[in-house]
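Here is a structure to read slowly, with a few questions about the words used to describe it and the values behind those words.

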Amino acid sequence: MGFLSPKPKPKGPEGIDLYSRFAFAGAVSCSVTHGGFTPVDVVKTRIQLDPQVYNRGMIGGFRQVIQNEGAGALLTGFGPTFAGYFLQGAFKFGGYEFFKQQSINVVGLDSARRNRAAVYSVSAACAEFFASIALCPLEATRIRLVSDPTFARGLIGGFSKILKNEGIGGFYGGFGPILFKQVPYTVTKFVAFEKFSEAIFGQLDKSKLSNGAQTAVNLGSGLLAGSAAAIVSQPADTMLSKINKTKALPGESTVSRLVKIAGELGIRGSFAGLPTRLFMIGGLTAGQFAIYGDIKKALGATNGVEIAK
């Protein structure tokens with residue numbers, strides 16, 4: 001009687017099948033977290049746009065918005081936030097995994113491991129460029145709705161009004177600032193997350209950790225990474241809120257608008273709303289990496305390339 005040979009281990013998804021799963025996991029993680037933090041984002045944006053009025057911090061800002069406009073105002077911009085970050089999350093996380101693999105293909109696995117911070121940075125920057133193209137129209141709509149509650153009713157109304165009155169260019173007036181904000185933010189976010197999680201898992205045996213313990217590591221690493229990313233990108237976030245609040249004057253370029261806004265804000269004004277944004281981005285990033293990791297496991301997309309030591 002012969003011995004039965006062991007069944008070969010089933011092969012995981014590859015190619016577009018694998019990256020579509022990464023993209024879906026990223027889309028869900030970003031849309032759910034950003035959508036859930038819409039009330040915080042409303043208060044943060046009000047503090048940035050009108051610091052003379054909203055000058056009582058995050059809790060005071062919540063009270064002011066509710067007192068002046070009702071609790072429903074805290075959900076202003078939920079539609080474009082959810083839709084925009086669903087698209088952005090797909091490009092950001094799916095793109096990050098894709099460009100990381102392409103970088104490894106170009107330089108080789110050993111070189112990538114020795115220079116993994118550079119690989120993480122380039123991959124994140126490339127992914128964010130395309131993610132920002134997808135996000136910009138919906139972010140412009142969100143900011144217009146939040147800064148002027150009478151502008152339109154919801155995502156469709158706001159999007160249609162900008163398109164009708166200002167054309168496609170109205171959506172991309174803030175593309176320069178959004179890149180200026182999102183690229184450093186995303187690079188810091190991914191590099192810091194990879195480094196923090198690498199340091200933590202380096203002290204533990206990842207193969208023996210439960211799913212809950214791995215999720216906890218992702219949460220902790222994401223919280224630290226989000227805090228670092230929020231500080232790095234805060235000035236550009238303030239400028240983005242300002243530039244999307246109003247349309248450009250005739251003949252006024254985006255660069256001249258940025259220079260003008262930067263001069264008006266100064267260093268102190270550029271960091272208006274930072275405590276609120278630290279709370280928001282720290283929580284967002286922690287949630288994103290935890291959800292992303294769990295959805296990847298649920299979809300069987302666990303065979304992505306790893307270059308951490």
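A residue counts as lining a pocket when it has an atom within 4 Å of one of the pocket's grid points. The model is a predicted one.

Q: Which helix gives the most to the lining of the largest pocket?
A: Helix H8 does, with seven residues. The largest pocket, which holds about 650 Å³ of space, is lined by 27 residues, and those closest to its centre are Phe193, Lys206, Asn218, Lys296 and Glu306. Besides H8 (175–202), the elements giving two or more residues to this lining are H4 (78–107), H9 (211–245) and H11 (274–298).

Q: What makes H2 and H3 roughly perpendicular?
A: Helix H2 (residues 38–49) packs against helix H3 (residues 57–69) at an angle of about 95°, with the two axes 9 Å apart. Angles of 65 to 115 degrees count as roughly perpendicular, and therefore H2 is described as roughly perpendicular to H3.

Q: How do you know which residues of H2 and H3 meet?
A: Contact means heavy atoms within 4.5 Å. On the H2 side, Pro39, Val40, Val43, Arg46 and Ile47 take part, and they meet Gly57, Met58, Gly61, Phe62, Val65 and Glu69 in H3. By class, the residues of this contact are seven nonpolar, two polar and two charged.

Q: Which residues lie nearest the centre of the second largest pocket?
A: They are Ile47, Pro51, Tyr54, Ala272 and Gly273, out of 16 lining residues, around a space of about 220 Å³. The lining has eight nonpolar, six polar and two charged residues.

Key:
Residues are numbered from 1 along each chain as its sequence is written. This is a predicted model: local features need pLDDT of at least 70, side-chain atom pairs count only at pLDDT 80 or more; totals for chains, interfaces and linings use all residues. Side-chain values use heavy atoms; hydrogens and water are left out. Axes are lines fitted to C-alpha atoms, for helices over the stretch in contact, and angles run from 0 to 180 degrees between N-to-C directions. Helices (H or I, at least four residues) and strands (E, at least two) are DSSP runs, numbered from the N terminus. Angles under 35 degrees count as roughly parallel, over 145 as roughly antiparallel, 65 to 115 as roughly perpendicular and the rest as oblique. Ala, Val, Leu, Ile, Met, Phe, Trp, Tyr, Cys and Pro count as nonpolar, Asp, Glu, Lys and Arg as charged, and the others, Gly among them, as polar. On a 1 Å grid over the protein atoms alone, a cavity is a set of points where a 1.4 Å probe fits but cannot get out, and a pocket is an open set with protein on both sides within 12 Å along at least five of seven lines; lining residues have an atom within 4 Å of a point. Grid points are joined across faces, edges and corners, and a volume is the space filled by probe spheres set on the points.
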